[in-house]
Amino acid sequence: MHRHEGHDACHGDVADMLARAEAVCRERGLQFTPLRREVMEAVAEAGKAQGAYDIAEKLSAPGKRVAPVSVYRALDFLMQQGLVHRIASRNAFIPCAHGHAPGEGVVFLICRSCGGVDEASSEELEDGLDRTLKRAGFTPAHSILEVEGDCGACRERQQAG
């Protein structure tokens, strides 16, 4: 299994992620609107998975309310471009600081203690899933697996205490 380390800790450099988002949109002829930029920045800066309502609240200011439905639209766009991931079990979003190969499955490792999320990929897991799907005659649009447990840091804290 290949882990993309540091995914939850700081999500990489926010400026780099914004620059990548701008480049992706420019290359694909898509608009990186001010709201999409603000949502991407809010997700990148959070340091943890967060929901659309949390993002809307963060972007709202006195006299400038950002509706959750607008945030959801921006998040949908960012997910389609591979810039943000949705953690389904938490209905929360995290940034993706790197591109994925076409068809590459993603495995999220979600710590039930601290709520941290790490990202991994596994050729063996993908191969096994592909065989299972072929036997079932099923063609997936995309595949994301979520595994909940305890991260190494929390496990060490539990053993030390």
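Is glutamine 50 buried or exposed? In this predicted model, glutamine 50 has a relative accessible area of 9% and is therefore buried, the cut-off being under 20%. The residue is placed in the loop between H2 and H3. When neighbours within four places in sequence are left aside, the contacts of glutamine 50 are with Ala42, Val43, Ile55, Ala92 and Phe93. Ala42 and Val43 are also among the H2 residues that meet H3, and Ile55 is among their partners in H3.

The protein chain comprises 6 helices and 6 strands. Along the sequence, these elements follow the pattern β-α-α-α-α-β-β-β-β-α-β-α. The chain has 161 residues, of which 35% count as buried. Where contacts join residues at least 6 apart in sequence, 57% of them are between residues at least 24 apart.

Two packed helices are described by the angle between their axes and the distance between the axes. For H1 and H2, the angle is about 145° and the axes are 10 Å apart. The crossing of this pair is right-handed. On the H1 side the contact is made by Val14, Met17, Leu18, Ala21 and Glu22, and on the H2 side by Arg37, Met40, Glu41, Ala44 and Glu45. By class, the residues of the contact of H1 with H2 comprise 6 nonpolar, no polar and 4 charged.

Helix H2, residues 34-46, packs on helix H3, residues 52-59, at an angle of about 110°, and the axes of the two are 10 Å apart. H2 is therefore roughly perpendicular to H3, since angles of 65 to 115 degrees fall in that class. H2 passes H3 in a right-handed crossing. The contact joins Leu35, Glu38, Val39, Ala42, Val43 and Glu45 in H2 to Ile55, Lys58 and Leu59 in H3. The contact of H2 with H3 contains 6 nonpolar residues, no polar residues and 3 charged residues.

H3 packs in turn with helix H4, residues 68-80; their axes come within 9 Å and cross at roughly 110°. On this basis H3 is roughly perpendicular to H4. This crossing, too, is right-handed. The residues that meet are Ala52, Tyr53, Ile55 and Ala56 in H3 and Pro68, Val71, Tyr72 and Leu75 in H4. The contact of H3 with H4 divides into 8 nonpolar, no polar and no charged residues.

At 1.5 Å a residue, the 13 residues of H4 should span 18 Å, and the end C-alpha atoms are 18 Å apart, so the two values agree. The buried residues in H4 are Pro68, Val71, Ala74, Leu75, Phe77 and Leu78. Just after H4, glycine 82 adopts a positive phi of about 75°.

Notes
Residues numbered from 1 in each chain as written. Predicted model: local features only at pLDDT ≥ 70, side-chain atom pairs only at ≥ 80, totals over all residues. Heavy atoms only, no water. Axes fitted to C-alpha atoms, helices over the stretch in contact; angles between N-to-C directions. Helix = DSSP H or I, 4+ residues; strand = E, 2+ residues; numbered from the N terminus. Parallel < 35°, antiparallel > 145°, perpendicular 65-115°, else oblique. Left-handed = near helix turned anticlockwise from the far one by under 90°. Contact = heavy atoms within 4.5 Å. Nonpolar A, V, L, I, M, F, W, Y, C, P; charged D, E, K, R; others polar. Expected span 1.5 Å × (residues − 1). Buried < 20%, exposed > 50% of the residue type's maximum accessible area, 1.4 Å probe, protein only.
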